[in-house]
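Student: Could we go through this model together? I would like to begin with the strands and then turn to the helices.
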Amino acid sequence: MADRQPSPPSPLGPDGLRKSNSTASSGARSTRSHDSVSVLGAHPYGSLHLHQPDELPLHDAQGRGDDPHPPLDPPGNLQGRKRVQFSDAPPEMLHGRSGPSASPGEARDVVTHSMGGGDVLLVLDLPQVYLVGCDAVSFTARHFGGIRDIPAGPHFFWLTHPDSGAVRTGFWIVSSGTHRVHVLQWDRFSEAMLEPSRAEARIQAENLQGFHDKLVPYHDPASVGSEPRGLEASAGRASNERFAMWKRLSGSITERVLDRVTGQRASGWLVDTTDRVKGAVLLAAEMELERRFSNHTLQSRELNFSFSQHAKTYSADALGADRTLAATDATPYMMSVMSAPDRELSEDDVVGELQLAYIAGAHLGNDACIQQWWHMLLRLILKAHLLPEHRPVLAAKLLQAVAAQLQYGSEWLDESILDYGGPNAHELRLALIIYKRRLDEVLQGLGSLATGDQLTVGTSFAKVESEVVGLGWDLRGDYLRKGKVTMEDGEEVELEMAELQAEDERGEWAPEVVELDEHGRQRDLVSWND
């Protein structure tokens, strides 16, 4: 093949840009146009808007700067438009508040509106008919554009097509309660939520006045023609009841918790059915999900919870009784993780991670988060028998969160998270029986010296106990070690259950350790033969 002759160099423009070669075009259209279109990143081609910015680069009085040309005057046609507030400051600084969720030096784009009623969520480019989940309610929406009048606090939204709800994409926002505008965009190519450009968010917020009334009200989604779904809708639950339940489910989830677990720093924290927990082994259910949705274009993210599923609760450096205590009681391990210099977790941080794992597992069907919830419940919370004495505030908050989750699963959802547990549900019943015995021992040992926070732990566990009554679990009765079971053919078989043998052999009934002599006889006893 003959070598192609190089094209003559094109003249340069005044700014150093090379002028295009018009002789290489045919009919004013490049014959290699498919090579000339640049990639637009996450935004589909044609979705970007050309607009006139109302914020221009600042120049000093002497005109110094990278741009040698003087700044343009602001366009006059923007003076009559309804303005929105756009700031790079964190929401807490913007509204004169400070708190643990504010990170020093962290910048978040904040847009506010003046329509009243609370925060607004705008979802761009969502298909015509879609199933939308909003906290404790879900509904089939047509031409869904967003939700208005969102009260202050954390809120979780998820989306999926009504005919293929196996994979769901969700996102968190933290409402300021002071008329903030949250803007997210649906990408039909990856079928996932993305954050739009800064300019797109500004455009939508400035036009909010024209369609604010058409957005779905947070407290009454059926008022704009949406079709409520799920047990919570069919039961006709009032809006205040739904919101009260949601606050119990998510009250400890803060921006700090979302930043740490998701690894994202944005106004909307994205999660998905296929997201994994960092350090966890890929489960069979997750492998099946990947096989069935091999063409799913979402990239799984890793959620980084503070309490790893594979971490040991004891240290190899500990010896004797200290090591035994750490291996049988999770209290020292939990306190060491919370006080680690790279974490410094508060009580709400720990509770928030438990709530985040439950909500992502129950609403998105995320198996990794379901296993993380079981891990925190069975291996940490119900194994931390000394926590009610040493950290009673944390113990009470964790038990209150578990009680709310059990109630939500049994009364509000079609399927409880216990249905995914298999043998974990049986283990949960035994763990609750043991926890009740140990808690009674702690409170009885403290007696009149028990503080109000320590007594609150007992009240909080009573709420958990009342929720499992519907499952036929009686935590107050004695555990039957032996009994007869009637088989299907009428034969009676005597069985012995050894599941609580270690628990029953504690204290008064614990085996006594004795010392034997060379003949195998117990020492320190009177012998008539010697």
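Student: Is strand β9 mostly covered or mostly uncovered, and how many of its residues are buried?
Tutor: This is a predicted model. In it, strand β9, residues 153-161, is mostly covered, with eight of its nine residues buried.

Student: In which sense do β6 and β9 pair, and over how many bridges?
Tutor: The pairing of β9 with strand β6, residues 129-134, is antiparallel and extends over four bridges.

Student: Which residue of β9 does Val132 stand opposite?
Tutor: Val132 stands opposite Leu159.

Student: Next, Val167. Where is it found?
Tutor: Val167 is found in strand β10, which covers residues 164-175.

Student: Buried or exposed, and why?
Tutor: Val167 counts as buried because its relative accessibility is 13%, and the cut-off for buried is under 20%.

Student: How far is its C-alpha atom from that of Thr273?
Tutor: The two C-alpha atoms are separated by 5.5 Å, although Val167 and Thr273 are 106 residues apart along the chain.

Student: Now the helices. At what angle do α10 and α13 pack?
Tutor: Helix α10 (residues 347-364) and helix α13 (residues 392-411) pack at about 15°, and their axes are 9 Å apart. Angles under 35 degrees count as roughly parallel, so α10 and α13 are roughly parallel to each other. The crossing of α10 past α13 is right-handed.

Student: Which residues make the contact?
Tutor: Among them are Val350, Val351, Leu354 and Tyr358 of α10, and Leu394, Leu398, Ala401 and Val402 of α13.

Student: And what is the make-up by class?
Tutor: The contact of α10 with α13 has ten nonpolar, four polar and three charged residues.

Notes:
Residues are numbered from 1 along each chain as its sequence is written. This is a predicted model: local features need pLDDT of at least 70, side-chain atom pairs count only at pLDDT 80 or more; totals for chains, interfaces and linings use all residues. Side-chain values use heavy atoms; hydrogens and water are left out. Buried means under 20% relative accessible area, exposed over 50%, partly exposed in between (1.4 Å probe, protein chains only). Helices (H or I, at least four residues) and strands (E, at least two) are DSSP runs, numbered from the N terminus. Two strands pair if DSSP finds at least two bridges between them. Axes are lines fitted to C-alpha atoms, for helices over the stretch in contact, and angles run from 0 to 180 degrees between N-to-C directions. Angles under 35 degrees count as roughly parallel, over 145 as roughly antiparallel, 65 to 115 as roughly perpendicular and the rest as oblique. A crossing is left-handed if the near helix is turned anticlockwise from the far one by less than a right angle, and right-handed if clockwise. Contact means heavy atoms within 4.5 Å. Ala, Val, Leu, Ile, Met, Phe, Trp, Tyr, Cys and Pro count as nonpolar, Asp, Glu, Lys and Arg as charged, and the others, Gly among them, as polar.
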